[in-house]
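Glad you brought this one along.

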Amino acid sequence: MKAVNYMKLEIPSRSANEAFARGAAACFVSQLDPTIDELGDIKTAVSEAVTNCIVHAYPDAIGKIYISGKIFEDGTVEISVRDKGCGIEDIHKAMEPLYTSGGEERAGMGFTIMESFMDKVKVRSALGRGTTVVLRRKIVSRNIQNERL
Amino acid sequence: MELYFVFKEWRLTVYMDGELDHHTASQTMRKISEKIDIYLPRDCVLDFERVRFMDSSGIAVIIKAYHKMRQAGGRLWVDNVGKQPLKVIDAAGLDRIINIGENAQ
């Protein structure tokens with residue numbers, strides 16, 4: 001399917017940028033006329049993915065986080081969050097609910113929340129090279145939702 | 001994240017104002033823990049009315065407060081929760097162990 005619009009963003013892995021990253025993603029998606037709930041879902045998932053980069057990919061240093069977004073003809077949004085950090089050794093384990101390597105400050109629910117808020121979550125990772133999380137969600141425009149009521 | 005504490009009749013109410021994410025979580029967690037240690041309340045209420053956004057970092061904050069209150073023999077309540085934070089709480093299954101106030105949306 002062809003992307004009808006796209007955006008690219010690069011930020012350092014500072015926690016102060018979490019709010020900016022999810023806000024920017026929400027702004028990009030706004031052109032599809034989403035509901036407040038849909039925007040909330042996308043902000044939540046992006047916040048989880050970006051937090052993972054900050055906490056896990058670059059634990060002892062500031063690295064770069066690459067965020068890109070695409071909008072497809074059918075109203076599907078794809079947001080990808082990529083880092084060049086340490087990578088995930090066991091993706092299945094990392095995606096298990098309650099599993100965390102982040103200590104008691106982390107709940108181990110990041111991937112669980114991404115999966116329950118998005119239609120599709122894809123994770124690619126290579127040790128020492130980085131991780132890419134691709135989040136997909138179809139936006140049903142408010143106009144269409146109103147017509148259905 | 002701005003926090004306002006009110007202690008009255010053995011109840012500690014924490015009015016939270018802002019976005020609860022990884023950036024704000026550890027400080028929020030520390031401040032709430034400190035107040036629980038000082039007042040040893042019977043009930044602790046986290047008032048979410050002005051929490052406009054929360055992600056899984058907020059789950060860790062709630063769980064930490066829950067454990068602290070359990071240790072002190074008290075109860076934790078989460079009240080006035082908006083739609084977005086409530087969805088995160090539900091997705092994490094936290095609604096099964098935490099008392100969610102009736103003012104939740």
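Q: Where is B:N80 found?
A: B:N80 sits in the loop between β4 (75-79) and α3 (83-91) of chain B. Helices here are DSSP runs of H or I with at least four residues, strands are E runs of at least two, and both are numbered from the N terminus.

Q: What is the phi of B:N80?
A: Phi is near 55 degrees, a positive value in a residue other than glycine. Most residues other than glycine have a negative phi. A:D33, in the loop between α1 and α2 of chain A, also has a positive phi, about 60 degrees, and is not a glycine.

Q: What should I know about the model and its numbering?
A: This is a predicted model, where local features need pLDDT of at least 70, side-chain atom pairs count only at pLDDT 80 or more, and totals for chains, interfaces and linings use all residues. Residues are numbered from 1 along each chain as its sequence is written, chains are lettered from A and ligands numbered from 1 in the order in which they are written, and side-chain values use heavy atoms, with hydrogens and water left out.

Q: How do you know which residues of α1(A) and α2(A) meet?
A: Contact means heavy atoms within 4.5 Å. By that test, residues including A:A21, A:A25 and A:V29 in α1(A) meet residues of α2(A), among them A:I42, A:V46 and A:V50.

Q: What describes the packing of α1 (residues 17-29) and α2 of chain A?
A: An angle of about 140 degrees, with the axes 8 Å apart. Axes are lines fitted to C-alpha atoms, for helices over the stretch in contact, and angles run from 0 to 180 degrees between N-to-C directions.

Q: What makes up the interface of chain B with chain A?
A: On the chain B side, 20 residues are in contact with 25 residues of chain A. The buried area, meaning the accessible area (1.4 Å probe) that two parts lose on being put together, summed over both, is about 1,800 Å², and carbon and sulfur atoms give 56% of that. B:H22, B:F53 and B:S56 supply 28% of the area that chain B buries against chain A, more than any other three residues.
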